[in-house]
Amino acid sequence: MNLQVKTSQKVVLLIAAVLIASLTLVACGTDSAKNFIGSWKLDSMQSGNTTLPAETIEKMGYKDLYDLELKEDNTASITISGFTVLGTWEVKDATTATVSYSNNTSEMTYKDGKLSMGINGDSTVLIMSRS
């Protein structure tokens, strides 16, 4: 009988440990989302070997060409040349997420306070800063 009690206690402790680990992972995911949540404006662009820095984009009047808003409820709004489409986004880890809109899915990378997102089959990379 004493052996059954010890086994039951071990099972309960194992279940408790699994639950605590699961909650910890969920909490980490929430912290990762903080890297992405917010409003983003176009900062620079790369296409192939060509890079348009922020200064050039601003001089060309393209600074407001592309806006992205990622909300806590995992909805997204993407404004391109004044036209807004709605979508969803999902965190993969602290530096990677995806955004889906109009039958497209793009991967986003967060690094050094900037958000990079491939478009047009990833041939063009938009680099955005918080607005």
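User: How many bridges join strand 6 to strand 7?

Analyst: Two strands pair if DSSP finds at least two bridges between them. Helices (H or I, at least four residues) and strands (E, at least two) are DSSP runs, numbered from the N terminus. Here strand 6 and strand 7 run antiparallel and are joined by six bridges. One of the positions involved is Thr98, whose bridge partner in strand 7 is Glu107. This is a predicted model: local features need pLDDT of at least 70, side-chain atom pairs count only at pLDDT 80 or more, and totals for chains, interfaces and linings use all residues. Residues are numbered from 1 along each chain as its sequence is written, and side-chain values use heavy atoms, with hydrogens and water left out.

User: What lies between strand 6 and strand 7 in the hairpin?

Analyst: Two residues separate strand 6 from strand 7 in that hairpin. Ser102 is in the loop between these strands, and Asn103 lies in that loop too. Ser102 has a positive phi of about 40° although it is not a glycine; for Asn103, also a non-glycine residue, phi is positive and near 65°. As for accessibility, buried means under 20% relative accessible area, exposed over 50%, and partly exposed in between (1.4 Å probe, protein chains only). Ser102 is partly exposed because its relative accessible area is 49%, whereas Asn103, at 85%, counts as exposed.

User: How do strand 7 and strand 8 pair?

Analyst: Strand 7 and strand 8 are antiparallel, with four bridges. Lys111 has Lys114 as its bridge partner in strand 8. These strands form a hairpin with two residues between them, and Asp112 in the turn has a positive phi of about 55°.

User: Which residues touch the most other members of the largest nonpolar core?

Analyst: In soluble globular proteins, nonpolar side chains tend to be buried together. A nonpolar core is a set of buried Ala, Val, Leu, Ile, Met, Phe, Trp, Tyr and Cys residues joined through side-chain atoms within 4.5 Å. The largest one here has 22 residues, and those touching the most other members are Tyr66, Leu68, Leu70, Trp89, Met108, Leu115 and Met117. Strands that each supply at least two residues of this core include strand 1 (38–47), strand 5 (83–93) and strand 7 (104–111). Contact means heavy atoms within 4.5 Å. Leaving out residues up to four places away in sequence, Met117 touches, among others, Tyr66, Leu68, Val99, Tyr101 and Met108.

User: Is Asp43 buried or exposed?

Analyst: Asp43 counts as buried because its relative accessibility is 14%. Asp43 is placed in strand 1. Its contacts beyond four places in sequence include Lys63, Lys114, Ile127 and Met128.

User: How many aromatic pairs are there?

Analyst: A pair of aromatic rings is described by the distance of the centres and the angle of the planes. Rings of Phe, Tyr and Trp (its six-membered ring) pair if their centres lie within 6.5 Å; planes under 30 degrees apart count as stacked, over 60 as edge-to-face and the rest as tilted. The count comes to three aromatic pairs. Phe36 and Trp89 form a tilted one, at 6.1 Å centre to centre and 45° between the planes. Phe36 lies in the loop between helix 1 (2–33) and strand 1, and Trp89 in strand 5, so this pair ties together parts 53 residues apart in sequence. Phe36 is buried at 0% relative accessibility, and Trp89 is buried at 4%. Trp40 and Tyr110 form an edge-to-face pair, with 6.4 Å centre to centre and 75° between the planes. Trp40 is in strand 1 and Tyr110 in strand 7, 70 residues apart.
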